[in-house]
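Work through these exercises with the model at hand. Try each task before reading its solution.

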Amino acid sequence: MDFASLMAKEISKAKSPAVPSSSSASEQKELTKAPEKKYVRRADLEAARIAAYSEEQERLQREREERQAQKRKHEEEEADRRREREEKKRRLAEESKKKREEEEFAKERERRKRLGLPELPPPGDKDGKTSGEEEDIPDEELNQKLRDLKEPICYFGENHVARLRRYRRLVRRSQTPQPKITNGPIPTTLEPVPEVDMKIPTTLPKDAEGRKFLFRQLGSYFNMVLSEWEYALSKRDISVKQSLTGRQAYNAMVQSRENLKPLFRKFEKNDLDDNLLEPIMEIVHKAQLRRYVDANDAYLRVSIGKAAWPIGVTMVGIHERSAREKLHQSDQQAHILSDEMTRKFLQSIKRCLSYAQTRWPPDDQLQIMG
């Protein structure tokens, strides 16, 4: 064997990998398998990322649903416990109230028995039946009833008992027939009388029916004067209405109308003193006769009065003067100084008198007030 063949044999041995003889056929097959890939596609990476993100979101959604279900369960359990506590408190309150009422009834029964008084009927029983006034109404039904009556459901600081009492007052008021209110300048329950029957008498009626008819006559007369006054002011030109004097005239009419309302309330209640009613009758009677100067004199007597003002020494010695009692006559007092309300409606009567002489002028020019 020459040198060249020996070198070729050695080179062939070095190039071929050495495979142990003890290895199995599968291991030899793995050794001969192709190498792994060096590169991965971007689409495969994006698909893998989307799949991982979807799995993560599904896991978070399942956790949220589990937490919400757990929260709802806790809330329902808490609501049940709260409802049980409220029911227990209500039951205990009813039991304590019933027990307190029984104790009070027993004490009252013992007291009446000791004093020899007749026995009380059982609690909640009145003439053999339960009183409807003591019957309770649930909150929901009471709220609906107050809504039907167009009333507030609850006032500030009002509890259930106060609301129930208010509802019963409203029901009684609605069942009670209300007096009819007129639509005049001053709304009143006094029934108006025709103009032909407005003639005011000179003497004060003594019977109740006569006084009631007198108040109706006075109310109808003042409402008629105010209506004519308001109509005359509304017929003025727009420039006159917007002027200073025009606005002052309208304000005077509105003020007179508001100040006469207390007088009308006194007419309705028959609560006017005779020492005020008689001068008002005299003023209206003379105004209806168009004797405005005489009516103004009557107004001055009732407003300012005609009592003598003491000047100088009024008491000398221990004896009174013979004419001293004239200083204290009750029919000569100044009613305009009695109180603010009286002063206002007397002033409003004077304003109505001033308008009446322009609306119904007198035949005698000497009866026109200055």
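**Exercise 1: Contacts and the core**

Y221 is in contact with M198, V284, A287, Q288 and A356, once neighbours within four places in sequence are set aside. Note that the model is predicted.

Task: Decide whether Y221 is buried or exposed.

Solution. 
- Step 1. Take the cut-off: buried means under 20% relative accessible area.
- Step 2. Y221 has 7% relative accessibility, so Y221 counts as buried.

Task: Find which residues touch the most other members of the largest nonpolar core, and which element gives the most to this core.

Solution. 
- Step 1. The largest nonpolar core has 43 residues.
- Step 2. Y221, L260, L263, I280 and I349 touch the most other members.
- Step 3. List the elements that give two or more residues to this core: α6 (208–234), α9, α10 (274–288), α11 (292–303) and α12 (340–359).
- Step 4. Among these, α6 gives the most, with 10 residues.

In soluble globular proteins, nonpolar side chains tend to be buried together.

**Exercise 2: Ring pairs**

A pair of aromatic rings is described by the distance of the centres and the angle of the planes.

Task: Count the aromatic pairs, then classify the pair of Y221 and F222.

Solution. 
- Step 1. The count comes to four aromatic pairs.
- Step 2. The ring centres of Y221 and F222 are 5.7 Å apart, and their planes stand at 65 degrees.
- Step 3. Planes over 60 degrees apart count as edge-to-face. The pair of Y221 and F222 is therefore edge-to-face.
- Step 4. F222 has 1% relative accessibility, so F222 counts as buried.

Solution. 
- Step 1. F264 has 0% relative accessibility, so F264 counts as buried.
- Step 2. F267 is buried too, at a relative accessible area of 2%.
- Step 3. Ring pairs link F264 and F267 with F215 into a cluster.

**Exercise 3: A surface patch**

Task: Decide whether F3 is buried or exposed, and name the patch members.

Solution. 
- Step 1. F3 lies in helix α1 (residues 3–15).
- Step 2. Exposed means over 50% relative accessible area. F3 has 64%, so F3 is exposed.
- Step 3. F3, M7 and I11 form a nonpolar patch on the surface. Together they have about 330 Å² of accessible area.

How values were computed
Residues numbered from 1 in each chain as written. Predicted model: local features only at pLDDT ≥ 70, side-chain atom pairs only at ≥ 80, totals over all residues. Heavy atoms only, no water. Patch = residues over 30% accessible without salt bridge, like charges linked within 9 Å, V, L, I, M, F, W, Y side chains within 5 Å. Areas by Shrake-Rupley, 256 points an atom, 1.4 Å probe, with all protein chains shown as cover. Salt bridge = Lys/Arg side-chain N within 4 Å of Asp/Glu carboxyl O. Helix = DSSP H or I, 4+ residues; strand = E, 2+ residues; numbered from the N terminus. Buried < 20%, exposed > 50% of the residue type's maximum accessible area, 1.4 Å probe, protein only. Phe/Tyr/Trp six-rings, centres within 6.5 Å; stacked < 30°, edge-to-face > 60°. Core = buried A, V, L, I, M, F, W, Y, C linked by side-chain atoms within 4.5 Å. Contact = heavy atoms within 4.5 Å.
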